[in-house]
Amino acid sequence: MRIVTLLNEKGGVGKTTLSFHLAAGLAVIGLRVLAVDADAQGSLTETMGFAQAPGLYDLIVREQAFRNVLRYVNPEIYEYPNRRVKGQLFLLPSNIETQSIASNSADALAIARRFAELEGSIDFIIVDSSPTPSLLHGAVYMATDAILYPTQCEYLSFRGLQNSFHHRQENERYRRQFNFAPIKNLGIVPTMYRGRTLEHRENLAELKETYGDRVWREIAQSTVWTESSRVHRTIWNYAPSSPAARQGWVLVKQFLEAISYVASTRS
Ligand SMILES: Nc1ncnc2c1ncn2[C@@H]1O[C@H](COP(=O)(O)OP(=O)(O)OP(=O)(O)O)[C@@H](O)[C@H]1O
Ligand SMILES: [Mg+2]
């Protein structure tokens with residue numbers, strides 16, 4: 001089981017959109033996936049068509065069993081039309097109570113311990129995080145194997161990225177105390193890219209100069225992303241032949257390469 005968090009301490013850069021698509025894409029190819037909404041805004045929960053609910057809070061603070069808090073996600077909302085999904089997707093929903101998890105739980109390893117219960121039943125946990133750094137981020141860092149950073153090709157998003165790297169570094173000493181391996185920087189995904197503007201082209205070049213091949217293929221700005229999220233479906237389900245659907249699939253492929261995970265599809 002691998003646990004991957006999507007993070008950028010800048011709001012609105014595509015964390016939730018890409019969390020949903022990564023989790024769904026992995027399920028499409030046959031993996032058992034849990035998408036975790038760790039943001040009190042509950043955007044991932046709503047994007048996936050569920051009512052907000054205290055999933056992570058119930059798990060950590062009320063010590064509920066997974067079977068009481070997980071939601072099964074119907075493949076109808078994420079599969080390619082007429083193609084059967086081979087894996088399974090679950091959601092751990094969120095609501096405003098997520099904000100107070102850290103103040104109600106003194107155990108920084110609580111999330112890591114609860115997630116470890118899923119070893120053997122789940123292949124990937126994809127965690128969608130909030131843009132504002134908090135104590136909860138600390139507990140998420142302790143549970144995470146790798147982080148993927150979506151960013152817009154704009155100054156403030158790059159600042160958010162740098163702050164995110166800085167906080168990950170700061171957290172490494174806590175991980176070392178528990179003999180945890182360092183968190184892997186899986187990659188940086190340029191999102192909502194507008195290749196026709198000089199600003200975006202220049203900023204993307206700068207990003208590549210700084211971070212080299214850790215920068216993944218860019219995802220262009222396109223209204224179909226917003227439309228698909230409004231109807232609670234993946235881009236593959238909503239607009240399967242769009243360029244956005246192709247770019248979303250490239251993201252899944254790059255993810256699999258980066259995590260060096262042999263996608264052993266179940267039949
Ligand atoms: N490639 C894209 N082109 C156009 N719009 C996009 C694209 N990707 C995401 N969006 C839209 O941009 C908005 C912000 O995306 P999203 O909610 O995924 O960002 P976020 O980083 O999770 O935000 P927050 O920090 O508030 O949690 C959403 O309305 C989403 O539908
Ligand atoms: Mg979000």
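Predicted model: local features only at pLDDT ≥ 70, side-chain atom pairs only at ≥ 80, totals over all residues.

Q: Which residues of helix H10 are buried?
A: Helices here are DSSP runs of H or I with at least four residues, strands are runs of E with at least two, and both are numbered from the N terminus. A residue is buried if 20 or more other C-beta atoms lie within 10 Å of its own, exposed if 12 or fewer, and partly exposed in between, with C-beta atoms placed from the backbone. H10 covers residues 223-230, and its buried residues are Trp225, Ser228 and Ser229.

Q: Why do the buried residues of H10 line one face of the helix?
A: Think of looking down the helix axis and taking the directions from that axis to the C-beta atoms, which is how the arc is defined. On the other side of H10 you'll find Thr223, Thr226 and Arg230, which are exposed. The buried residues line one face because they fall within an arc of 95°.

Q: Which helices do the buried residues of H10 pack against?
A: Contact is judged on C-beta atoms placed from the backbone, which must lie within 7 Å. By that test, the buried residues of H10 pack against H1 (15-28), H2 (43-47), H11 (235-238) and H12 (243-258).

Q: At what angle do H1 and H12 pack?
A: Two packed helices are described by the angle between their axes and the distance between the axes. Axes are lines fitted to C-alpha atoms, for helices over the stretch in contact, and angles run from 0 to 180 degrees between N-to-C directions. The axes of H1 and H12 are 10 Å apart, and the helices pack at an angle of about 70°. That makes the two roughly perpendicular (under 35 degrees is roughly parallel, over 145 roughly antiparallel, 65 to 115 roughly perpendicular and the rest oblique).

Q: How many nonpolar residues does the contact of H1 with H12 have?
A: Leu18, His21, Leu22, Gly25 and Leu26 in H1 meet Gly248, Trp249, Leu251, Val252 and Phe255 in H12. Ala, Val, Leu, Ile, Met, Phe, Trp, Tyr, Cys and Pro count as nonpolar, Asp, Glu, Lys and Arg as charged, and the others, Gly among them, as polar. The contact has no charged residues and three polar ones, and the nonpolar count is seven.

Q: Is Leu251 buried or exposed?
A: Leu251 is found in helix H12. Leaving aside neighbours within four places in sequence, Leu251 is in contact with Leu18, His21, Leu22, Val189, Trp216 and Ile219. With 22 other C-beta atoms within 10 Å, Leu251 is buried.

Q: What is the handedness of the crossing of H7 and H8?
A: The axes of H7 (residues 135-143) and H8 come within 10 Å and cross at roughly 65°. A crossing is left-handed if the near helix is turned anticlockwise from the far one by less than a right angle, and right-handed if clockwise. H7 passes H8 in a crossing that is right-handed.

Q: How many charged residues are there in the contact of H7 with H8?
A: His137, Gly138, Tyr141 and Met142 in H7 meet His167, Arg168, Asn171, Tyr174 and Arg175 in H8. These divide into three nonpolar and four polar residues, and the charged ones number two.

Q: What is the phi of Asn179?
A: Most residues other than glycine have a negative phi, and most peptide bonds are trans. Asn179 is found in the loop between H8 (155-177) and S7 (184-191), and counts as exposed with 6 C-beta neighbours inside 10 Å. Its phi is positive, near 55°.

Q: Where does His232 lie?
A: His232 has a positive phi of about 60° although it is not a glycine. With 16 other C-beta atoms within 10 Å, His232 is partly exposed. Its place is the loop between H10 and H11.

Definitions and conventions:
Residues numbered from 1 in each chain as written. Chains lettered and ligands numbered in written order. Contact = placed C-beta atoms within 7 Å.
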